[in-house]
Amino acid sequence: MAYKPVGLALGAVSGMLAGGLFKQAWKVVGHDDDAPDATDEDRGWREVLLAATLQGAIFAGVKAAVDRAGAVATRRLTGTWPG
């Protein structure tokens with residue numbers, strides 16, 4: 001129960017971190033500053049789907065890493081695993 005506020009804060013941090021990582025990754029992969037939106041008619045299917053897939057993978061990976069680190073830190077501080 002006490003972990004809920006910590007988990008919410010970690011979620012916000014992971015979202016900001018993942019967003020920054022995705023922007024940097026897209027500059028390398030897409031050779032452009034902005035990733036395409038799904039409704040951007042000037043971009044092709046391949047580019048739109050690549051951007052969405054890359055963004056999803058980065059967000060999921062960062063969220064898992066931050067959540068796991070938070071759980072480990074909670075166990076170290078309290079002696080119990082959250083959840």
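Biologist: Where does Thr-74 lie?

Modeller: Thr-74 lies in helix 2. Keep in mind that this is a predicted model.

Biologist: Is Thr-74 buried or exposed?

Modeller: Thr-74 counts as buried, because its relative accessibility is 16%, and the cut-off for buried is under 20%.

Biologist: What does Thr-74 touch, leaving out residues up to four places away in sequence?

Modeller: With those left out, Thr-74 is in contact with Tyr-3, Gly-79, Thr-80 and Pro-82.

Biologist: Which residues of helix 2 are buried?

Modeller: Val-48, Ala-51, Ile-58, Val-62, Val-66, Gly-70, Ala-71 and Thr-74. Their cover includes helix 1.

Biologist: And helix 1, how many residues does it have?

Modeller: Helix 1 has 27 residues. From first C-alpha to last it reaches 37 Å, close to the 39 Å expected at 1.5 Å a residue.

Biologist: What makes up the largest nonpolar core?

Modeller: It has 8 residues: Leu-10, Ala-18, Phe-22, Trp-26, Ala-51, Ile-58, Val-62 and Val-66. Helix 1 and helix 2 each supply at least two residues of this core. As a general point, nonpolar side chains in soluble globular proteins tend to be buried together.

Biologist: Take Leu-10. What does it touch, not counting residues up to four places away in sequence?

Modeller: Leu-10 touches Tyr-3, Val-66 and Gly-70. Val-66 is one of the core residues, and Gly-70 is among the buried residues of helix 2.

Biologist: Changing topic. Which residue follows helix 1 with a positive phi?

Modeller: His-31, with phi near 55 degrees. His-31 sits in the loop between helix 1 and helix 2, and it is a residue other than glycine.

Biologist: Why mention that it is not glycine?

Modeller: Because most residues other than glycine have a negative phi.

Biologist: Is His-31 buried or exposed?

Modeller: His-31 is exposed, because its relative accessible area is 70%, and the cut-off for exposed is over 50%.

Biologist: How many salt bridges are there?

Modeller: The count comes to 4. One of them joins Arg-43 and Asp-32, at 2.8 Å from N to O. Arg-43 and Asp-32 both lie in the loop between helix 1 and helix 2, so the pair ties together parts that are 11 residues apart in sequence.

Biologist: What else does Arg-43 pair with?

Modeller: Arg-43 meets Asp-40 in a salt bridge at 3.8 Å, N to O. Arg-43 also forms a salt bridge with Glu-47, where the closest N and O atoms are 3.1 Å apart. Through shared partners, the salt bridges join Asp-32, Asp-40, Arg-43 and Glu-47 into one network.

Biologist: Now the surface. Which residues make the nonpolar patch of about 260 Å²?

Modeller: Val-28, Val-29 and Leu-50. Val-29 belongs to helix 1, residues 3-29, while Leu-50 belongs to helix 2, residues 45-78.

Biologist: How accessible are Val-29 and Leu-50?

Modeller: Val-29 has 40% relative accessibility and counts as partly exposed. Leu-50 has 41% and also counts as partly exposed.

Biologist: What is Val-29 in contact with, beyond its neighbours within four places in sequence?

Modeller: Val-29 is in contact with Leu-50 and Leu-54.

Biologist: And how far is the C-alpha of Val-29 from that of Ala-65?

Modeller: Those atoms are separated by 23 Å, with the two residues 36 apart along the chain.

Notes. Residues numbered from 1 in each chain as written. Predicted model: local features only at pLDDT ≥ 70, side-chain atom pairs only at ≥ 80, totals over all residues. Heavy atoms only, no water. Patch = residues over 30% accessible without salt bridge, like charges linked within 9 Å, V, L, I, M, F, W, Y side chains within 5 Å. Areas by Shrake-Rupley, 256 points an atom, 1.4 Å probe, with all protein chains shown as cover. Salt bridge = Lys/Arg side-chain N within 4 Å of Asp/Glu carboxyl O. Helix = DSSP H or I, 4+ residues; strand = E, 2+ residues; numbered from the N terminus. Buried < 20%, exposed > 50% of the residue type's maximum accessible area, 1.4 Å probe, protein only. Contact = heavy atoms within 4.5 Å. Expected span 1.5 Å × (residues − 1). Core = buried A, V, L, I, M, F, W, Y, C linked by side-chain atoms within 4.5 Å.
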